[in-house]
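Take a moment with the sequence and the fold before reading on. The walk below goes from strands to helices, and then to the aromatic rings.

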Amino acid sequence: MRKTYLLNIEGKNRDRLLEASKHDIRKYVKRERARPLPAGVDFWDFDCKFGSNEATAAVVHFATLMGLIDTAAQEGGEQFYVEVVTKHGHRMARPQGAEVSSGDGEDFE
């Protein structure tokens, strides 16, 4: 998916255009994740780029994409470019001796 979303269209609410663009991206990702996995592939991963236009788009992590879209809209941008390309994902083995973190920041002994 490679698309430029306009946020200022005559007669349309800017907030609705923003939410429609995010919905479109989420719908694409959901559809891609539902595809059957080929042999030897653990999950569907995504290569993402984001910028004000295609020429200035930079590589970003998928998890930060919605936050970047919100930031671009709050800064008053007229448009933004998103590129989300599906790729094969492979799980990596955790190194020996690595501890599993509970994620809450506190260690109990």
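Predicted model: local features only at pLDDT ≥ 70, side-chain atom pairs only at ≥ 80, totals over all residues.

Two strands count as paired if DSSP finds at least two bridges between them. By that rule, strand S2 (residues 43-51) and strand S3 (residues 58-60) are a pair, with three bridges in the antiparallel sense. Cys48 has Val60 of S3 as its bridge partner.

S2 has another partner. Strand S4 (residues 79-89) runs antiparallel to S2, and nine bridges join them. Here Phe46 stands opposite Thr86 of S4.

Now turn to the helices. H1 (14-34) has 21 residues. From first C-alpha to last it reaches 31 Å, close to the 30 Å expected at 1.5 Å a residue. Which residues of H1 are buried? They are Leu17, Leu18, Ser21, Lys22, Asp24, Ile25, Tyr28, Val29 and Glu32. They lie on the same side of H1, because they cover an arc of only 150° around the axis. An α-helix has 3.6 residues a turn, so residues three or four places apart point the same way. The other side of H1 holds exposed residues: Asp15, Arg16, His23, Lys30 and Ala34. What do the buried residues of H1 pack against? Their partners are strand S1 (2-6), S2, H2 and S4.

Helix H2 (residues 65-74) has its own buried set: Leu65, Met66, Ile69, Ala72 and Ala73. These cover an arc of only 120° around the axis, which puts them on the same side of H2. Their cover includes H1, S2, S3 and S4. After H2 comes Gly76, with a positive phi near 85°.

Last, the rings. A search of the whole structure finds three aromatic pairs. In one of them, the ring centres of Phe50 and Phe80 are 5.8 Å apart and the planes meet at 35°, so the pair is tilted. Phe50 lies in S2 and Phe80 in S4, so the pair ties together parts 30 residues apart in sequence. Both Phe50 and Phe80 are buried. Ring pairs also bring in Tyr5, which forms a cluster with Phe50 and Phe80. Trp44 has a charged neighbour instead. The charged end of Arg35 sits over the Trp44 ring, 4.4 Å from its centre.

Notes:
Residues numbered from 1 in each chain as written. Heavy atoms only, no water. Helix = DSSP H or I, 4+ residues; strand = E, 2+ residues; numbered from the N terminus. Buried < 20%, exposed > 50% of the residue type's maximum accessible area, 1.4 Å probe, protein only. Arc of directions from axis to C-beta. Contact = heavy atoms within 4.5 Å. Phe/Tyr/Trp six-rings, centres within 6.5 Å; stacked < 30°, edge-to-face > 60°. Lys NZ or Arg CZ within 6 Å of the ring centre and 35° of its normal. Expected span 1.5 Å × (residues − 1).
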